[in-house]
Amino acid sequence: MAVRRGLFLPVLVALLLLAGPGRAAADDASRSYRGNAASPGCSNKFQLVKVKNWVNGSEGTTLVGLSAAFGASLPTTANEARKAFSVLTDPLDCCSNVTTKLTNSIAIATRGGCPFTAKAENAQAAGAAGLLVINDSEELYAMVCNENDTSINVTIPVLMIPKSAGKNLKDLLDQGARVEIQLYSPIRPVVELSAGFLLIMAVGTIVCASLWSEFVACEQVDEHYNQLTRQEGPNSGTNHRQEKEIFEISAKGAAVFIVVASVFLLLLFYLMSSWVTWVLIVFFCIGGIEGMHSCLVTIISRIFKEWGQKTVEVPFLGEVLTLSVGILPFCAVFAILWVVYRRSSFAWIGQDILGICLMITVLQMARLPNIRVASALLSAAFVYDIFWVFISPLIFHESVMIAVASGDSSGEAIPMLLRIPRFFDPWGGYDMIGFGDIIFPGLLVAFSYRFDRAGKKGILNGYFLWSTVGYAVGLFLTYLALFLMDGHGQPALLYLVPCTLGLIVVLGWIRGELPHLWNYGRRSENLVEQV
């Protein structure tokens, strides 16, 4: 079985360097304010608010705001919310008595000049039914009370909207348009099924990759022709097994990898721009094309064995499988279509297909030889993930990992992740998991399967089943932590490494097999290159 994937090497490095944190992509801003909890009337939870608007009777784009720690609560459905006309305050910062008639209207004011509570009290005194504060940036700032605000009596809803959205509303009102506004705050479901689907996708990818070589590729004929690379002919006398090329990870390589990964991540953090994101998109497409090509050729050759016998001479490449030549254009077109429609609502399907095929192929190409190397790699990745998610804000003033995973300001995001829409969430968004959070534990799960097969172990007395269950439990704990931490990005390896590597080490110690696991595969055959 010859598996030559020269183009995969830079792609593999790029993918593993971006072991992004497992995190919910939807904006979770609902949380309690603890800054001045003793102040009466200033203990509301921050809630995302939908701001529906109609301009001269025509419905516009729904905006998103963030409620303040004070003021009235909002209805949870549009049917319960009432419409009201919006009016700009005079003065515009709403820091003194308002001269504009605001009776039963939604007041719109700019940020700055005085405390938020003062703006709300002035708008309320003028008869406003609510207050929208236009922020001076695109972020949604949490409006809280000052320490001097000992008693707050604001009975109207108060929320902040982004600068661009507020500017659009202000320009419309300055032009004399009639703008109606409706405010409500839908409740986000506690359990979102998309997280369960994502867990199944991640676990399924690892299980499929672990079983692939035995149950999918085992009977494939002349697999050394399944890639569009130059190969020796069938009568060349080359030993077929000796052509199998796998990148075996070493303990030294694991340490070097983490250092290089950190440097690469910092470069992305400081140099992140649209062109850098495009370079990563191109890497993803190259890897996705080759991964899908490899998977399809293997599956089709497995089902239709006669198709795995026919070859054709291709200039510069030599003798290649005819099926391979036919499938490659399909894979390329698939990836190009994903790039063209990557911002569409259905683009996640193509991204996940390319990503899953890519990860299955990566897990066939890269292998851990034993638990000693697995401990070095996963322990280093464990520290790497925690440092760049939780500790890096203390140095760089924001989480480097989350900033890189979020992409650049143009809206382009790094595609090295699986994602699925939050179907039943009124706020939309995506649940996602980085490729590294699948590949790193997947290497260990794949090793446990090979170890079990070599030792002819059963399902229960082996390690494959338990490492798979441990991975699923670790992923569940990741999403539980996301829920308990109000959606803040979590380093998934913080939960995955103890539940996989820790479980295998403990099981091996209990069974007395830890020395064998630790030193297994020192004299591996068939391997021609180490990383």
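Let's start with helix α7, and how its length compares with what we expect. At 1.5 Å a residue, the 19 residues of α7 should span 27 Å. The end C-alpha atoms of α7 are 29 Å apart, which agrees. Keep in mind that this is a predicted model.

Which of its residues are buried? They are Leu-323, Ser-324, Ile-327, Cys-331, Ala-335, Trp-338 and Val-339. An α-helix has 3.6 residues a turn, so residues three or four places apart point the same way. Keep that in mind as you read the numbers. And what do these buried residues pack against? They pack against α6, against β14 at 318–321, and against α8 at 347–365.

Let's take α6 as the next stop. Helix α6 is residues 274–303, and α7 is residues 322–340. The two pack at an angle of about 145 degrees. Their axes are 9 Å apart. Is the crossing right-handed or left-handed? It is right-handed.

Who makes the contact? From α6, the list includes Trp-278, Phe-284, Ile-289, Met-292 and Ile-300. From α7, the list includes Leu-323, Ile-327, Phe-330, Phe-334 and Trp-338.

On to the strands. Find β10, residues 158–161. Val-158 and Met-160 point one way. Leu-159 and Ile-161 point the other way. Are these residues buried or exposed? All are buried.

β10 has a partner in β9, residues 130–134. Four bridges join the two, and they run parallel. In β10, the bridge partner of Leu-132 is Leu-159. β10 also pairs with β6, residues 63–67. Here the sense is antiparallel, over two bridges. Ser-67 stands opposite Leu-159.

β7 and β8 run parallel, joined by three bridges. Ile-108 in β8 is the bridge partner of Leu-88. β7 also pairs with β11, residues 179–184, in the antiparallel sense over three bridges. There, Ala-84 stands opposite Ile-181.

Most residues other than glycine have a negative phi, and most peptide bonds are trans. What kind of peptide bond joins Asp-90 and Pro-91? A cis one, with omega about 10 degrees. Pro-91 is found in the loop between β7, at 83–88, and β8, at 106–110. Cys-94 lies in that loop as well. Cys-94 is not a glycine, yet it has a positive phi of about 60 degrees. Buried or exposed? Cys-94 is buried, with a relative accessible area of 0%.

Compare His-397. Phi of His-397 is near 70 degrees, again a positive value in a residue other than glycine. His-397 lies in the loop between α9, at 371–396, and α10, at 400–405. But this one is exposed, with a relative accessible area of 72%.

While we are at α9, find Phe-390 in that helix. Phe-390 is partly exposed, because its relative accessible area is 37%, and the cut-offs are under 20% for buried and over 50% for exposed. What does Phe-390 touch? Leaving out residues up to four places away in sequence, it touches Gly-489, Gln-490, Pro-491 and Leu-494. Ile-402 is twelve residues from Phe-390 along the chain, and their C-alpha atoms are separated by 9.7 Å.

Last, the whole chain. How many helices and strands does it have? There are 14 helices and 18 strands. Of the 531 residues, 51% count as buried. Now take contacts between residues at least 6 apart in sequence. Among those, 75% join residues at least 24 apart.

Key: Residues are numbered from 1 along each chain as its sequence is written. This is a predicted model: local features need pLDDT of at least 70, side-chain atom pairs count only at pLDDT 80 or more; totals for chains, interfaces and linings use all residues. Side-chain values use heavy atoms; hydrogens and water are left out. Buried means under 20% relative accessible area, exposed over 50%, partly exposed in between (1.4 Å probe, protein chains only). Two strands pair if DSSP finds at least two bridges between them. Axes are lines fitted to C-alpha atoms, for helices over the stretch in contact, and angles run from 0 to 180 degrees between N-to-C directions. A crossing is left-handed if the near helix is turned anticlockwise from the far one by less than a right angle, and right-handed if clockwise. Contact means heavy atoms within 4.5 Å. The expected span of a helix is 1.5 Å times one less than its number of residues.
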